[in-house]
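Hello,

Here is the structure we talked about. Please open it and follow along with the notes below.

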Amino acid sequence: MTAPASPLVQVRGLCKRFGPLAVLRSIDLDVHAGEVVVVVGPSGSGKSTFIRCINGLEQPCSGSVAVDGVAAAGSARKAWEALRAEIGMVFQDYTLFPHMTVMQNMVLAPRRRGRIAPGQEEGRALALLQKVGLRHKAQAYPAELSGGQQQRVAIVRALAMSPKVMLFDEPTSALDPETVADVLAVMKDLAREGMTMIVVTHEMGFAREVADRVVFMDEGRIVEQGPPQQLFDSPSHERTREFFGKILR
């Protein structure tokens, strides 16, 4: 019998406090290569803090994170920097540099980090922009793009670093309804191509269609997790039933 593959992402005992407030309470999570894990839960449950702790944007009070053998814990700055190099992150608010063109935004990090052979950064950027239908916007500035276009650029900018896992922190929450579908379509394509993804979102249709596993969080803990059909249709925990009973009504 073939032994199961080791998880690509391993989170162990992750805790985070802001003063007296415990936001994360000993979170454990494994994510395998090619898996799409969607994290859901009520506002204030710790979802965004959790995903920001995975790549050290918020420093956990305790616990550890490892991606493909690259591990970080505590306040070891160099370890978190090494871990962050393996992770792509997409935020709610695009985080594009407004004074730079789309192309300049795309090539900045790969050039500084040496993730692509010198001279190949622009070709890689154009190929990624083509992938999301925005090659013609390479010389535009972020202010000249719609919110949905900016978020698509933010996604492929993260992909330009060739990450092993992509994190999404409510990537459609700042978009108008007409542009949400465009961004979700890009994320669905990534899932079909086998990108490992951890997605915090309120888009339950996306979770049902794309997720391999849904994780429900409340009060800083993972309450329940499983395949989308199981959690949406027959959750085992009363708090999960209450949550989905309200939002899927």
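Start with a network of salt bridges: Asp-218, Arg-239, Glu-242 and Lys-246 are linked in it. A salt bridge here means a side-chain nitrogen of Lys or Arg within 4 Å of a carboxyl oxygen of Asp or Glu. Side chains of opposite charge can pair when their charged atoms come close.

Some background. This is a predicted model, in which local features need pLDDT of at least 70 and side-chain atom pairs count only at pLDDT 80 or more, while totals for chains, interfaces and linings use all residues. Residues are numbered from 1 along each chain as its sequence is written, and side-chain values use heavy atoms, with hydrogens and water left out.

Arg-239 bridges to Asp-218, with the closest N and O atoms 2.9 Å apart. Arg-239 sits in helix α9 (residues 238-247) and Asp-218 in strand β9 (residues 213-218), so the pair ties together parts 21 residues apart in sequence. Helices (H or I, at least four residues) and strands (E, at least two) are DSSP runs, numbered from the N terminus. Asp-218 is buried, at 13% relative accessible area. Arg-239 is partly exposed, at 22%. Buried means under 20% relative accessible area, exposed over 50%, and partly exposed in between (1.4 Å probe, protein chains only).

Next, Lys-164. Its side chain meets that of Asp-68 in a salt bridge (2.8 Å, N to O). Lys-164 also forms a salt bridge with Glu-86, at 3.5 Å between the closest N and O atoms. Glu-86 is buried, at 12% relative accessibility.

Across the whole structure, the search finds 17 salt bridges.

Best wishes
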